[in-house]
Amino acid sequence: MLDLLQSNLVVLDCSLVLLCQVPEFQVDVRDRIMNRTYIIISPSFQKFTEKDFFAWFHIKLVPVLPSFTPQMLQGVTTSVNCTNYHVIVSGVGKVFSAIPQQRLQAIADVLLKYLKDSAAVINLPVCRQGIDNDAQWVETNLGPFSQYTTYSELNFFNLSQTTILNSVSSGQKAEFLLESSNLSNATLVIAVFKRFTASASLEDLQSFFNVFVDGLSKPNVTVVSPSVRENVLNLTITALVPKFHLLNSEGFRLWFQVYLPLFLPSADSTTFEVLPRNISCSSYQQIMKGFNNVNSQLSEAQNQEFLKFGLSYLKGQLSSGFSCVVSGTDTTDRDWLQDNFGRFRFQASFEDFLSLKKDFKGAEVADLLTFSQLKELAAIPSQLNGTQDVTKVTTVIDPADFAAFFDSLSQAVVAQPENYTQEVKSAFLHVIFDRGDLPAVGDDDFLQWLMRLKPLLVDLSPNLVNRFVSLAANRSCAISQEMLNVLDAIQTTLSNITKTEIYKNILLILQDQTPLKCYSGGSFYLFLKNTFLSFGFPDVSTLISLLPPTRKSELLNTISTSELGQLLSQPGVIINSPDVCIIFSHYNNTATFLQSEDVPDDVRRTILPCVWPLALSSSSRSEVDLWFNVRLKNYLRFLTKELISSTEVQNASCLAFQKLVSVMGNNFTYNSSEFGREDVYSSIRSYLSAGSGVRCYDPRDPELNSSSWFVNYIGSFITFITLDDLTSFVNTTQIEVFLEDKANLELFNNTAIPQDVTNYYIIQLFEFNPSFGLLMLPGSLLCSSDIPSSVFSSLNEDDTMAILDKLKTFCNGTRDPEISAALASNVKTVTAQTFQDLGSASSGLTNSQILSAPPGALLSSLPTLGSVTTWGQDQANTIIRSITSSGFQITSSASLESLGTLIVGVPSALMDKISAAELLNASKNPLLVSNMLAAPKVVQETFIRK
């Protein structure tokens with residue numbers, strides 16, 4: 001049996017040598033190997049020497065030794081001497097970190113049991129070889145497992161206190177200090193803390209405080225002195241400083257809300273200086289909550305120190321105007337304020353909050369703010385977004401503090417008037433109206449409140465006018481006037497609606513009094529102006545209603561023209577246009593007003609109907625000119641269809657009507673008008689058709705005896721005239737005096753006039769004066785077919801040339817054979833220039849005149865002659881004979897095309913001589929074919945046959 005065991009040890013020994021080469025085992029594999037190995041070697045433990053134990057626990061078993069159980073340890077240490085025990089402890093101690101946590105305490109218990117059982121010999125010299133002090137004793141006998149022992153357990157071995165405390169766990173150190181005799185010993189506590197914190201790890205510190213704080217919370221525990229609290233806090237914070245980076249949010253919560261609250265009231269400036277700034281917001285918030293929990297125990301200086309730390313940290317977290325606000329989360333301002341400031345907010349300024357959270361809305365947390373902070377809040381316009389915000393802020397303010405609050409608010413509104421909305425200012429006014437109890441204060445205090453509220457009245461809401469004015473309802477006139485003066489001082493900021501409301505209130509006051517009670521003479525306009533201040537002015541209808549019927553003219557004529565201009569120029573002052581006419585019907589300075597006062601266009605448009613009858617009824621030319629050229633110069637563009645209608649102008653004086661025709665024809669722009677030129681002519685026709693005879697013509701009246709009657713009374717509207725109109729205006733017995741008038745002739749020289757009208761005019765002209773000179777006829781009138789041909793034949797050659805030139809210019813020549821013959825008969829010598837001058841009238845030349853022209857003149861004039869469409873056949877034959885006899889060859893299509901309309905004079909025999917190819921080519925010219933259609937039939941047949 002012994003041989004078999006020895007054989008197994010050898011095999012196991014070899015196997016373990018091989019296992020040492022394997023870097024690491026899985027735990028379950030390692031456990032099985034350890035179990036089996038222990039089963040094999042345990043029977044031999046009693047025979048193991050120190051060398052054997054060393055070989056097994058320091059070499060062979062190392063790969064599997066972390067699986068060594070307390071039971072195995074109990075088995076191996078039973079009856080071993082202290083030397084072998086030390087070898088085993090040091091061997092197992094080497095794999096301490098790999099041993100499962102749940103076994104460590106049990107292993108420590110096994111070791112303690114061995115030591116207690118060996119108490120009689122453990123301190124003998126043989127067991128203390130190489131042990132010079134208590135610390136070495138602990139290391140040799142317990143190794144790293146000493147931290148799983150208690151102070152009392154180690155004290156059993158008569159070890160020094162320092163050694164024991166250095167050896168036990170952090171929790172055991174805490175338990176040691178919690179003993180009443182120790183906790184009351186400040187020197188001991190501080191000394192232990194100093195040694196402990198000098199080298200303790202974060203885990204050690206946490207373990208210590210877990211036990212320490214729990215123990216301190218139990219009843220009947222000795223109270224920790226201030227000195228101890230201060231030292232504990234300072235030593236702990238000092239130890240934590242290099243370890244803060246290891247803590248997460250939960251770690252900071254444990255330290256500042258669980259471990260350190262008892263000691264935090266001892267914090268000083270140094271404490272806050274070393275608190276970390278490079279931590280997460282949630283970690284900072286855990287620190288803040290810790291101090292916030294003991295806020296009532298902190299002095300004002302400590303509160304300020306923490307706020308200084310908090311602001312420093314939060315400013316370091318600023319990003320795009322936000323500090324400790326997680327993007328995408330729904331963090332309320334209340335949560336943010338409480339999470340980051342707690343009760344330390346009372347020491348902060350409102351600006352501090354806003355600088356760290358740019359969208360911070362103080363109104364939402366008004367109940368958390370101090371009175372000072374509320375004043376700061378109200379001084380920042382962007383913080384007040386409406387009535388609800390104002391209500392939230394003012395609800396938490398005692399009315400007794402209103403004066404101080406509104407003093408501050410007013411200064412802010414004055415400094416930033418454009419940034420406080422009407423709604424916000426109205427809301428503050430509502431607060432005063434509802435809770436300020438102003439009707440109960442004396443006049444002096446009331447005047448102070450007027451000044452205090454003045455900035456809030458800027459851009460006053462119309463809904464508040466009545467409430468504000470009613471504050472002075474039962475006060476003296478001086479107070480009431482001062483109230484209006486306050487409103488007047490800020491009137492430029494008020495809306496028109498608000499001004500209207502103030503105006504209504506003033507009007508009611510004025511109407512309640514005896515009519516014109518306060519009017520003592522002078523300008524009635526200035527009286528009203530001073531009464532209504534800057535809050536508008538009574539419209540015309542209201543103004544008239546304020547005038548006693550018997551004093552209308554008197555009071556209206558106290559108003560100067562400039563004042564009347566100011567009155568009428570006010571926006572919205574004219575509601576009922578006829579009321580303006582009432583003013584001017586009583587006003588004695590109308591002419592001066594129109595001439596001197598510059599009023600808006602809409603006012604001019606309203607005034608014009610009131611004064612238009614005055615202009616139309618003026619009877620002297622100078623007065624007419626003043627009306628149309630001066631007084632109504634800026635008004636005439638507002639004429640309406642009604643004002644120029646026959647009903648309005650029918651009774652106008654002749655001079656005024658004459659001026660109206662001139663203005664409407666030459667100076668009026670119709671683009672933006674509601675009527676057109678045809679409407680003006682309709683009134684002209686109605687006016688001139690009234691009565692018998694020629695209206696407005698009187699040869700005995702120097703003002704009405706002008707022969708330019710058509711120009712004066714119809715003017716440029718002549719284009720609308722019909723023959724019936726003309727004969728109704730002036731019959732044939734009356735027209736003679738106007739026909740030869742140069743201005744009238746120029747007026748009728750217009751192609752837009754109906755042809756029958758101009759023909760009638762020409763007929764009447766030459767009927768009354770057959771010898772009227774053609775050269776006196778302007779422009780297009782020469783084109784009339786009703787000019788007698790005898791008038792053309794009576795011209796000399798120079799006048800003929802002049803008339804021909806005018807016919808070309810205005811009539812595109814003449815196609816009337818009779819007129820052409822009449823004009824041609826006046827020509828004595830025919831040259832190429834003659835053909836050029838006669839143009840289409842060349843067809844009026846006789847054959848003898850044509851033959852008298854040199855053939856060369858005919859040839860050079862072919863372009864002109866070939867364009868005349870009124871040639872007779874014999875004239876065309878004569879011209880063709882003359883040019884061919886002089887050598888002109890008609891043998892090609894080109895020569896045929898050059899003849900133009902004269903092709904009708906080419907004889908058939910000559911046509912027959914032209915080659916078929918040339919004629920075929922000529923037939924491709926549409927104009928030549930068209931001219932050929934006028935040729936004799938025999939010539940056409942020859943052309944077609946060829």
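Modeller: What follows is a short tour of some helices, their packing and a few loop residues.

Modeller: This is a predicted model, in which local features need pLDDT of at least 70, side-chain atom pairs count only at pLDDT 80 or more, and totals for chains, interfaces and linings use all residues. Residues are numbered from 1 along each chain as its sequence is written, and side-chain values use heavy atoms, with hydrogens and water left out.

Colleague: OK, α5 then: how many of its 13 residues are buried?

Modeller: In α5, 10 of the 13 residues are buried, where buried means under 20% relative accessible area, exposed means over 50%, and partly exposed lies in between, using a 1.4 Å probe and protein chains only. Among the buried ones are C82, Y85, I88 and V92. Helices here are DSSP runs of H or I with at least four residues, strands are runs of E with at least two, and both are numbered from the N terminus.

Colleague: And what do the buried residues of α5 pack against?

Modeller: They pack against α3 (50-60), α4 (70-77), α6 (101-117) and α7 (134-142), with contact meaning heavy atoms within 4.5 Å. At the start of α5, a side-chain oxygen of N81 comes to within 3.1 Å of the backbone nitrogen of T83.

Colleague: Where is A98?

Modeller: A98 sits in the loop between α5 and α6, and with a relative accessible area of 38% it is partly exposed. Not counting residues up to four places away in sequence, A98 touches R30 and P66.

Colleague: Switching to α18, how far apart are its end C-alpha atoms?

Modeller: They are 24 Å apart, which agrees with the 24 Å that the 17 residues of helix α18 (residues 300-316) should span at 1.5 Å a residue; the expected span is 1.5 Å times one less than the number of residues. The buried residues of α18 include F306, F309 and Y313, and the buried residues of this helix pack against α16 (269-274), α17 (281-293), α19 (333-340) and α20 (350-356).

Colleague: At what angle do α17 and α19 pack?

Modeller: The angle is about 70 degrees, with the axes 8 Å apart; axes are lines fitted to C-alpha atoms, for helices over the stretch in contact, and angles run from 0 to 180 degrees between N-to-C directions. The two helices α17 and α19 are therefore roughly perpendicular to each other, given that 65 to 115 degrees counts as roughly perpendicular, under 35 as roughly parallel, over 145 as roughly antiparallel and the rest as oblique.

Colleague: Last topic: what is the phi of S320, and of C696?

Modeller: S320 has a positive phi of about 55 degrees although it is not a glycine, and C696, also not a glycine, has a positive phi of about 70 degrees. Most residues other than glycine have a negative phi.

Conventions: Polar contact = N/O pair within 3.5 Å; in protein donor to acceptor, adjacent residues only side chain to side chain.
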